[in-house]
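Student: I am new to this structure and would like to go through it with you step by step. Could we begin by looking at it together?

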Amino acid sequence: MPAALTASAAPTTEEPAEPAAHDPQHPARPARSAWWRFGLLVVLLGACAGSLLLWSPTDLLSGGLADRMPGYWFAPLFALVYAIGTLAFVPRPALNAVAGLLLGVQQGVLLAVLGTTLGAAMAFALGRGLGREALKPYLRGKVLGALDQRFTDQGFRSVLVLRLLPGLPFQAGNYGAAFSGVRFVPFLLATAIGVVPTTAVYVIAAASADQPGSAAFLVSAGVIALLVVGSLVGLWRAAAARRRARTA
């Protein structure tokens, strides 16, 4: 038999193709179910915000809630309404002011911190359960990947710094942490500790508003003014950094 025919009849084996290297600029697409869950998250948050057209957490908390409920139900109900208010994107300073006006300093700070922590836990559960899987492939860039790694490795410290920073929206911190790799318990503990200073300032200011010359009101008002200035400076620096990045 000719050698050419023998060679052509011999079985050939092909080397398996190597898998394509992962391109961080084009992350793998999440499953369709992940996007459905993310869409559900957007709908739920939109419904919470839209519900403010029908009710107001601050009006409910200050509108005789304590008179309509038994005493042992008031504290958990107050914390729950406060938490739902944060999910509906009601600014925490407004909720803290109601707590100070209605409950005074000690009980107001306690229930406001409890409501804040409960609201953060609810937002974290929604964001982690419905949004993280869809957004995780996009957390691999240089900046977002570094932030995700920091929150994963140093969750408690990162969330604590997040809560102490003036001007950072509370809800943005909740969902940013939920989409990262931080664990639930460190997130919750850091939130409960980190929100105490700003919560106390607003509660004390509201509780002492009927005595504008008192030391408590003056000090708390001064701290609030510093927080506002710090927030404006932070926004200005962030805008300047974005302008420099665009022109670089």
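**Patch, helices and salt bridge**

Student: Which helix gives the largest share of the nonpolar patch?

Tutor: This is a predicted model, in which local features need pLDDT of at least 70 and side-chain atom pairs count only at pLDDT 80 or more, while totals for chains, interfaces and linings use all residues. Residues are numbered from 1 along each chain as its sequence is written, and side-chain values use heavy atoms, with hydrogens and water left out. The patch, about 460 Å², is made by Phe156, Phe184, Val185, Leu189 and Ile193 (nonpolar side chains joined within 5 Å, each residue with over 30% relative accessible area and no salt bridge; areas by the Shrake-Rupley method with a 1.4 Å probe). The largest share, 4 residues, comes from helix α12, residues 184-194 (helices are DSSP runs of H or I, at least four residues, numbered from the N terminus).

Student: Why is helix α11 described as largely enclosed by the rest of the structure?

Tutor: Buried means under 20% relative accessible area, exposed over 50%, and partly exposed in between, with a 1.4 Å probe and protein chains only. Among the buried residues of α11 are Phe170, Tyr175 and Phe179. Helix α11 is largely enclosed because the buried residues number 8 of the 10.

Student: Which residue forms a salt bridge with Glu133?

Tutor: A salt bridge is a side-chain nitrogen of Lys or Arg within 4 Å of a carboxyl oxygen of Asp or Glu, and by this rule the count comes to 1. Glu133 lies in helix α8 and its partner in helix α2, so the pair ties together parts that are 96 residues apart in sequence. With the closest N and O atoms 2.0 Å apart, the partner of Glu133 is Arg37.

Note on methods:
Helix = DSSP H or I, 4+ residues; strand = E, 2+ residues; numbered from the N terminus. Patch = residues over 30% accessible without salt bridge, like charges linked within 9 Å, V, L, I, M, F, W, Y side chains within 5 Å.
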